Amino acid sequence: MVLPRIGGGQLTRRPNTLTHSGELVVVCNAERIRVYSALTGEFVFEMKGHADEVTGVCMHPYVDDKVYSCSRDGTVKLWNLDDGTSSSTWEIPQHLPIESMTVVGDMAYMSCFWRGEEAGRALAFDFVEGEAKEVRVKLSTPRQVVSSHSSAQNPIIATHDRHTILVWDTKSFGSKSPLALHHTKAFTCVAVSPDGTKVAAGDVSGRILIWHDVQEALTLRSMQGEEEENDERPWAYVEPPAATVHWHAHPVGCVSFSMDGKYILSGGQEAVLVLWDVRSGSRAYLPRLGGPLTGISSCRMDPAKYCLRQLNNTIRIVNTASMVIDSSIHGVRPLPDVPGHPAAVFESHTGNAVVVGPHAVLQFYDVYKDVHVDRLQLSRRNIVSMSESHEKELSLTSMDADVQCLAFSQDASLLVTVESKPDASGASSTANIMKFWDRVPDESRQYGAPYTLNTISENPHRSSSGTHAITGVAINPILDIVGTSSSSGEFALWGTHETESSGQGRIRAWRKIAMIPGHRGDPLTSIAFSMDGTVVAVSGAQHASGGVSLWDTATCAFIGELPPAFACHDAPEKSNSLQRDSLFFLPDSPTLVFVCQHGIAVYNVLSMSIVWSADISNICTVAPDPYSQHWAIVMGNDVCKGPMAKEQYASGAVLLFHGEDDHPRAAWMIRRQHSSLEKPAVLNPASTPKDHRSIRSACDQPNVSRCRTEIAFVPPKTRPYEHARPLSIPGCSPLVVFSQDREFSLAISPEITDIEEIVQSLADHGIAAAPPAEAGGARQSGYEQIFGSQARHHTTDSSPVLKGATLPVHTRLFDAPSHALPPMTTLCTEFLSHLLTK
């Protein structure tokens, strides 16, 4: 079996449903419908057939093994859950994109986009006749549509539009004006009791309004409307009685009635399921669900079973009788919103992707099976709900990305994490916590504990001037040494020692063994070890004055400083640019790559000089392949909101480099369906030979928003590696791309080789091509060919900035770390040539 090219995806963006028996959960997943077991949470099968995003699923009112689905492609399908096939398809007039749907008997009531998604319409569709009713109800924008059960005496349909709840019965839908229930606040969600007598709606202030005797009000309004046809507001005098309950501190995320209509369930940002008694107003709680609630669906045959949707891409099956979680379904966690913070890496021991989630949680995800495997809670965190004024006062809005740094050793036996949290000493300050974790042996591993905590260090870079942030973590590939860089201008080395532990005897722990001031005293931004572990490289914030210095790991002695690569001092204004510098050595090579907000610099540590560099400010992500000399970057990951918003076009590019070569070995366009900003990203491969025409990123367009993309290489000797290897670039580890949509894609080997096809393909997807170089002109550099003349390419033949730079040239040939020296055949030839010229 070959690793699927696309996996993951959002499981909770759209409403899902439980089957009538409560045994299965039917989930919308982009253009697909996935079915999971409600008992175990395991994936069962998948149904495909829609051409665009599936926006809703509804069980057949009378049959347990059939489910309806609606999509933005303007179709409704009926699926058989026995074999996963589609038995019927209906097309909506004008193929209006469907946003929400509910089924009552043989009728579907849906809200659709209208006039290029500028407005909405509600309409009724008859499955028996296969056509929609002529009447369209105007909406400012399509919203959630809900209904009572088909078995109700007079089923009702409801939706919300800004500050108003609109209610119809099935007989009057479209033919008469709706019952309008007004409120001073905007509504966020609505629900109808199964018998159709009550309507509940949540608003932006956290309140829940409950209207009683809705069916009676509909009847009276209809009668009064017949008697007073000339009255413009016949329903104003028959609005049903309402009650208000309030517990949520933030907008209500979802609301639902119990099967008997006696209870209301609600949830929101507090990650707490609230169970309300409609008559008395008393409450019961199911707290600490791990993420904000966005949806609730009930089970017809089991009144105590509910399916909860959460913002962190998790589905919970809960039992309200015992107030426990029966099972959970986990999708890929959402990536952090801050570029530069760790988002996704691979664990070399198992080949599982490790995704950094909110609230200091690491998710272990099997990209081969496309299933959640394990999780590691780095710190015990409770989701704190408070008003916006308190959030600003405590400066907690910037604490979303709790995990600041993350690093695995090559064999994954060691995990080092750095977290940030509010400092107990002051509400406006933060504390940095560094932790060392040991991998648990496979035979004794339990869920939720793949690693055990070994050592913890609070504010390891604290000084007399205060607490300083840790900006980078690196693990020595050979020695038991860990390096950390800090904004204080110092970097630290950590080593192991044996210590006594109560009940465990002598154990190995970690401690700080050296604290070294930086060469210039500037804040440090990243750190890296050479592949033989003898050299440590650190980068400073002042890139224009030469920010990368080399140090001896054993003696902590200063070796030299690499020449500056960039002439700019100020950080770029683009919000999607890299927020943290990246520094890494390439295996079996004297090459050091430095990527920052200002661009890319490739150094040769043998000669202590720049091989090439480019001032590129729209780099989003960079990742090295620890097992080859390949490395990759993501550039120009933009989403257009202008005229191309309805088309598929390239929102960015993934470029693969090899060694010191400035020509990308391969490139992939990241496409996005802009009619839905959270559509899955798809990789469209295109090779990039050295003689192709210039291609520059169209990332300077106005009216763009940013989306996060992360890349990581799959480690060898793992199951994902073996299955993805045949499709990947020869000599390179498989490259996996994670998008903000929770999708992951495999960068397969490019198939396009013709120059014209490459340029035309990029142009078709929104990446503009720069004009080719004139005949007889100078050869363009690799980056000029990719990004046009806007990308300044630097090379240097100047003398290296190095201790001992006054030594003769033939002596400086050997003045480099042993791991960086070329073969003796090369050294001897150069040595003799220098002697002869002298």
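**Entry 1: a strand pair.** I began with Lys305, which stands opposite Asn319 in β29. I kept in mind that this is a predicted model. Next I looked up the strands around that spot: β28 covers residues 305–310 and β29 covers residues 314–319. The two pair in the antiparallel sense, over six bridges.

**Entry 2: the sheet.** I then asked which strands make up the open sheet here. I found four, in the order β27-β28-β29-β30, with antiparallel pairing. At the edges stand β27 (293–298) and β30 (324–330); each has a single partner strand, so one side of each is left without a neighbour in the sheet. From one strand to the next, I noted an average twist of 20°.

**Entry 3: aromatic rings.** My search of the whole structure turned up 22 aromatic pairs. I picked out Tyr68 and Trp90: their ring centres are 6.1 Å apart and their planes are at 40°, so I wrote the pair down as tilted. This pair links distant parts of the chain, with Tyr68 in strand β7 (residues 66–71) and Trp90 in strand β9 (residues 85–91), 22 residues apart. Buried or exposed, I wondered, are Tyr68 and Trp90? Both are buried. They also form one aromatic cluster with Phe125 and Phe127.

**Entry 4: a charge over a ring.** I looked at Arg34 too, and its charged end sits over the ring of Phe43, 4.1 Å from the ring's centre.

**Entry 5: Asn80.** My last stop was Asn80, in strand β8 (residues 75–80). I noted its relative accessible area of 15%, so Asn80 counts as buried, the cut-off being under 20%. Leaving aside neighbours within four places in sequence, I listed its contacts as Met47, Asp65, Lys66, Thr85 and Ser87.

Conventions
Residues numbered from 1 in each chain as written. Predicted model: local features only at pLDDT ≥ 70, side-chain atom pairs only at ≥ 80, totals over all residues. Heavy atoms only, no water. Buried < 20%, exposed > 50% of the residue type's maximum accessible area, 1.4 Å probe, protein only. Contact = heavy atoms within 4.5 Å. Pairing = 2+ DSSP bridges. Axes fitted to C-alpha atoms, helices over the stretch in contact; angles between N-to-C directions. Phe/Tyr/Trp six-rings, centres within 6.5 Å; stacked < 30°, edge-to-face > 60°. Lys NZ or Arg CZ within 6 Å of the ring centre and 35° of its normal.
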